[in-house]
Amino acid sequence: MRVAVLASGSGTNLQVLLDRCRGEEPARVTLVLSNNPAAGALERARRAKVPTAVLDDPADADAMNAVLRDHETQFVVLAGYMKLVPAGVVEVFGDVMINLHPALLPAFGGKGMYGPHVHRAVLASGATVTGVTVHRVTHEYDRGPIIAQWPIPVAHEDTAESLAAKVRVVEHQILPAVVLACARAGRVVRLTPREHAFAIAQRSEDLSQMLETEKGGER
């Protein structure tokens, strides 16, 4: 499966995909797109000899679709991408486009809710659990069907920085798990947590209803 990754920042989740999607695995990162010409993700891609492209106008659906098609993209991953994907791109690739979000959606999602903003909001709310969500991309921020989630307990002494570190550990496990499961299945599949790993969900319930957060924790 040919995977395009959209990233705006340093690209730590991209690096995990580059490291995991190799050898005999059924997925490969074949393109990295960014709205930010200075993004560290682009340098990571170049070091891995993966083609890159910078979007002159992130709202230009035709240009984005053209780049994705030129690279024969089969699957699209948003990993720290800070722009709303144009509707015209969602119409073409929405069935195979996923986003990684650093909280348990639908809580703490929406426009402006990314990175440290999410973690500060979690702490300000007094929530005792946060987590990571992978969901399909739609025309709205963080509103697509949930594909996988993993809960993370919030400790009394947590700061935005310590919470971000906890979340990052789980992000680096959940994202390749989803991408590789989808590649093996040949389609987007919903995953449900089992012990310390995931299994393909047998029923269509939203995973947010299936999680037993009191049993959650870092993997």
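Analyst: **Packing of helix 1 and helix 2**

Helix 1 (residues 12-20) packs against helix 2 (residues 40-47) at an angle of about 20 degrees, and their axes lie 9 Å apart. Helices (H or I, at least four residues) and strands (E, at least two) are DSSP runs numbered from the N terminus. Axes are lines fitted to C-alpha atoms, for helices over the stretch in contact, and angles between N-to-C directions run from 0 to 180 degrees. Since angles under 35 degrees count as roughly parallel, helix 1 and helix 2 are therefore roughly parallel to each other. From helix 1, Thr12, Leu14, Gln15 and Leu18 make the contact (heavy atoms within 4.5 Å), and helix 2 contributes Ala41, Arg44, Ala45 and Arg47.

This is a predicted model, in which local features need pLDDT of at least 70 and side-chain atom pairs count only at pLDDT 80 or more, while totals for chains, interfaces and linings use all residues. Residues are numbered from 1 along each chain as its sequence is written, and side-chain values use heavy atoms, leaving out hydrogens and water.

The average pLDDT (the predictor's confidence in each residue, from 0 to 100) is 90, and 89% of the residues score at least 70. Over residues 203-219, however, pLDDT stays under 50.

Elsewhere, Thr30 belongs to strand 2 (residues 28-34). Beyond four places in sequence, Thr30 touches Arg2, Val3, Val50, Pro51 and His71. Cys21 is also buried, at 5% relative accessibility, as is Cys182, at 1%.

Definitions and conventions. Buried < 20%, exposed > 50% of the residue type's maximum accessible area, 1.4 Å probe, protein only. Parallel < 35°, antiparallel > 145°, perpendicular 65-115°, else oblique.
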